[in-house]
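Please look over the model below before reading on. My notes cover the ligand site and one group of aromatic rings.

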Amino acid sequence: MDGAKTNSKAVDLVLLGPPGAGKGTQARKLQDRFGLVQLSTGDLLRDAVAQGTEAGIAAKTVMERGDLVSDEIVVAILRDRLEEADCQSGVIFDGFPRTTVQAEALDNLMAESGRGVGAAISLDVDDDAMVERISGRFTCAACGEGYHDSFKTPANPDECDQCGATVFTRRADDNAETVTQRLVAYHAQTAPLISYYGSQGVLRNVDAMQDIEKVEQNLTAIVEETVA
Ligand code: AMP
């Protein structure tokens, strides 16, 4: 079934976990495998900042500090994106929800279209390892493939393994100081969602300290069960 698009009915998934847990990396893999759409509020906000929209201007300094952007801004951006045609057959929420207010807003949005979160998967990691994981990461500017100075370098250092592009980017907030604040925000505001989804009976846990392939296998098994 490797690489197969097995998405026969709409399935909506939430990936939970602190910055550096691997949400983006794994969401990309699930997107390819199951034909779902990766919906990253971090990416949507970075686009808004780059375009200089009103929301982007408001979000920029908050993101640079490592704090959470207001629920109002994030839910509005998310709602607009969720209405687009490609999101109708299933979404992997990556970095959303991050607060209980956002989780409740998501439940309401999904209920409006007869959908619901099929599984909220917590990527469990040790905080101590996250600063090193995040500080070394970089991305292909063309295709978004992720790399890391210590754990995953391109075979040819100047060229993306996936698409051959030669420009890589590093996120402005991937520095040790901001990462520490992002972890604080995670524990204060986002970790409570583990019990929120636990009480809805949709919480699943994956040990995300395992290597990337093993985490991918665990996630694939959960998604296949959810789709079935
Ligand atoms: P991420 O790419 O998910 O690591 O997000 C990068 C930054 O964008 C975070 O540190 C927050 O400042 C902001 N952000 C992303 N998603 C959300 C969200 N759901 N709620 C609030 N802020 C967010």
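1. Basis. This is a predicted model, in which local features need pLDDT of at least 70 and side-chain atom pairs count only at pLDDT 80 or more, while totals for chains, interfaces and linings use all residues. Residues are numbered from 1 along each chain as its sequence is written, and side-chain values use heavy atoms, with hydrogens and water left out.

2. Ligand shell. The ligand is surrounded by 16 residues (a residue is near if one of its heavy atoms lies within 4 Å). Thr-41, Arg-46, Asp-67, Arg-98 and Gln-102 are the closest. Helix H2, residues 41–51, contributes the most, with 4 residues (helices are DSSP runs of H or I, at least four residues; strands are runs of E, at least two; both are numbered from the N terminus).

3. The shell has 6 charged, 6 nonpolar and 4 polar residues. Here Asp, Glu, Lys and Arg count as charged; Ala, Val, Leu, Ile, Met, Phe, Trp, Tyr, Cys and Pro as nonpolar; and the others, Gly among them, as polar.

4. Arg-46 places a polar side-chain atom 2.9 Å from a ligand oxygen atom. The protein buries 96% of the 480 Å² that the ligand exposes when taken alone (Shrake-Rupley method, 1.4 Å probe).

5. Aromatic pairs. There are 5 in the structure (rings of Phe, Tyr and Trp, the last by its six-membered ring, with centres within 6.5 Å; planes under 30 degrees apart are stacked, over 60 edge-to-face, the rest tilted). Phe-138 and Tyr-147 are stacked, at 5.7 Å centre to centre and 25° between the planes. Both are buried (under 20% relative accessible area; exposed is over 50%, partly exposed in between; 1.4 Å probe, protein chains only).

6. Phe-138 lies in strand E5 (residues 137–140) and Phe-168 in strand E7 (residues 168–169), so the pair ties together parts 30 residues apart in sequence.

7. Cluster and charge. Ring pairs join Phe-138, Tyr-147 and Phe-168 into a cluster. The charged end of Lys-152 sits over the ring of Tyr-147, 5.1 Å from its centre (the rule: NZ of Lys or CZ of Arg within 6 Å of the ring centre and within 35 degrees of the ring normal).

Key: Polar contact = N/O pair within 3.5 Å; in protein donor to acceptor, adjacent residues only side chain to side chain.
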